[in-house]
Amino acid sequence: MSQREFDRTLADMASGERSMTAPERRRFLKGGLALAGAAVASTASADTRFAPPEVPPWTKSLGAGVGVNPYGSPSPHEAHVVRRTVDWLTADNIASISFTPLADLKGIITPSGVVFERYHAGVPEVHPDQHRLMIHGLVDRPLVLSMDDLMRFPSVSVIRFLECPANGGMEWRGAQMDRLQFTHGMLSCCEWTGVLLSTLLEEVGLKKDAAWILAEGADGAHMSRSIPMDKALDDAMLVYAQNGEMLRPEQGYPLRLINPGWEGNTCVKWLRRLEIGDKPWHHREETSKYTDLLADGTSREFSYEQECNSVVTSPCPEKPFKTKGKYMIEGLAWSGRGRIKHVDISVDGGANWREARFTSEIMPKALTRFALEWDWDGSPALIQSRAVDETGYVQPTYRQLREARGTNSIYHKNAIHTWKLSPNGTVSNVQFA
Ligand SMILES: Nc1nc2c(c(=O)[nH]1)N[C@H]1C(S)=C(S)[C@@H](COP(=O)(O)O)O[C@H]1N2
Ligand SMILES: [Mo]
């Protein structure tokens, strides 16, 4: 994003058109705080032993000193915020998946330690001094680069989401996962730092017929995907850092491909080889897997883009409501085609919609957080969000998605999701419309 665009985004947020205006904020805080006070007073189990004016023990003693924890970790009270797996989903934990705990995350950045993991042959232990990247095929000057070599090229840092196209795939066929973590948790958003692929392609020089690139991983799965040249020259990146530090082993240390907005599977980890060719390779990961079987028995292949999607993160099964009253309904929206333009929220299963506000910066191909004030009267509700991206694409209903793609698919489920809020405040996953 250019500086001008960035400034405009901030100005947009500050204009009050999409963010809360000052009087609104004051009104909300007044109502909300009054309620919070009442709720605490009425909750018998609330522990107020150390509430002011009492003085808690930790105020009367010295804490741990510096150096005790040279690489910091979250408070022990946050120990529930972890990746989780679904036992029945895969045969073992080598070719498997863990899910991001979306319900407990704030803002739009996924902390590195809870980024979902997907691998087909476990996490290889790659030594950075021994790792090499080969670029060859239809090029003038084939190259083998060490990590040191790579880091001498100009680098860029961008915030982009990464989503496995199988995210929500269990829901597609009617399975009802009981946590947001499992319905939408094959999703993360990090700051990625590395070298634009176009920079390296300039270095090796493309021959006339160069049209596709095979990206191959150094893991036992030899994960390989064919990437069209347009994407390679647009925003594809060779990434070595994530959220300000070197990549985590699970995310492909020391080098991975990131294709912003494209299915996670194309973002080959432990990247060791880029072969330039004139046509796609039709490898295992683009034939038997990561193709979309349609109702008539034919398949969509190379369905790279992660289409516009959104989900409400509060309330959700992990974040029930405790009492009736004022809440912010919150959620995340994202689109592989660019920026999120608009998000609507319904509390009656899609009969009526209200426009949500954005509460984060709005960046292309990044998670975008939205919120809407809601006074819950304690009746049952069907809560949904519906996002629109800057291309005008509107997130479909399940019915629309099944009409277009049938029911055989696993990948690219981006239907409007429904949470059922019950009078006791619990939230369950239902498929509706
Ligand atoms: N080399 C290699 N790259 C890989 C994979 C793999 O198994 N091996 N899994 C892919 C899949 S299916 C996804 S969704 C993403 C997941 O990235 P993450 O584990 O960093 O979240 O990595 C992709 N890159
Ligand atoms: Mo994936």
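## Ligand 1 and its contacts

A backbone N or O atom of Phe116 lies 2.6 Å from an oxygen atom of ligand 1, a polar contact in the sense of a pair of N or O atoms within 3.5 Å. This is a predicted model, in which local features need pLDDT of at least 70 and side-chain atom pairs count only at pLDDT 80 or more, while totals for chains, interfaces and linings use all residues. Side-chain values use heavy atoms, without hydrogens and water, residues are numbered from 1 along each chain as its sequence is written, and chains are lettered from A and ligands numbered from 1 in the order in which they are written.

Two further polar contacts involve Gln251, with a polar side-chain atom 3.0 Å from an oxygen atom of ligand 1, and Cys267, with a backbone N or O atom 3.1 Å from a nitrogen atom of ligand 1. The protein covers 100% of the 540 Å² of accessible area that ligand 1 has on its own, as given by the Shrake-Rupley method with a 1.4 Å probe.

## The shell and the cavity

Around ligand 1 there are 21 residues, of which Phe116, His120, Asp219, Arg256 and Lys269 come nearest; a residue belongs here if one of its heavy atoms lies within 4 Å of the ligand. By class, this shell has 10 nonpolar, 5 polar and 6 charged residues, where Asp, Glu, Lys and Arg count as charged, and Gly is among the polar ones.

Ligand 1 sits in the largest cavity, meaning that more than half of its atoms lie within 2 Å of the cavity's grid points. A cavity is a set of points, on a 1 Å grid over the protein atoms alone, where a 1.4 Å probe fits but cannot get out.

## An open sheet

Five strands form an open sheet in the order E18-E17-E21-E22-E23, with antiparallel pairing; strands are DSSP runs of at least two residues, and two of them pair if DSSP finds at least two bridges between them. Its edge strands, E18 (354–355) and E23 (427–430), each pair on one side only. Strand E17 (residues 340–346) is joined to E18 by 2 bridges, and Asp344 has Glu355 in E18 as its bridge partner.

Most residues other than glycine have a negative phi, and most peptide bonds are trans. The peptide bond joining Tyr253 and Pro254 is cis, with omega about 10 degrees, and Pro254 is found in the loop between strand E10 (245–246) and strand E11 (256–258). Trp270, although not a glycine, has a positive phi of about 50 degrees and lies in the loop between E11 and strand E12 (271–277).

Key: Polar contact = N/O pair within 3.5 Å; in protein donor to acceptor, adjacent residues only side chain to side chain. 1 Å grid on protein atoms, 1.4 Å probe; cavity = no way out; pocket = protein on both sides within 12 Å on 5 of 7 lines; lining within 4 Å. Helix = DSSP H or I, 4+ residues; strand = E, 2+ residues; numbered from the N terminus.
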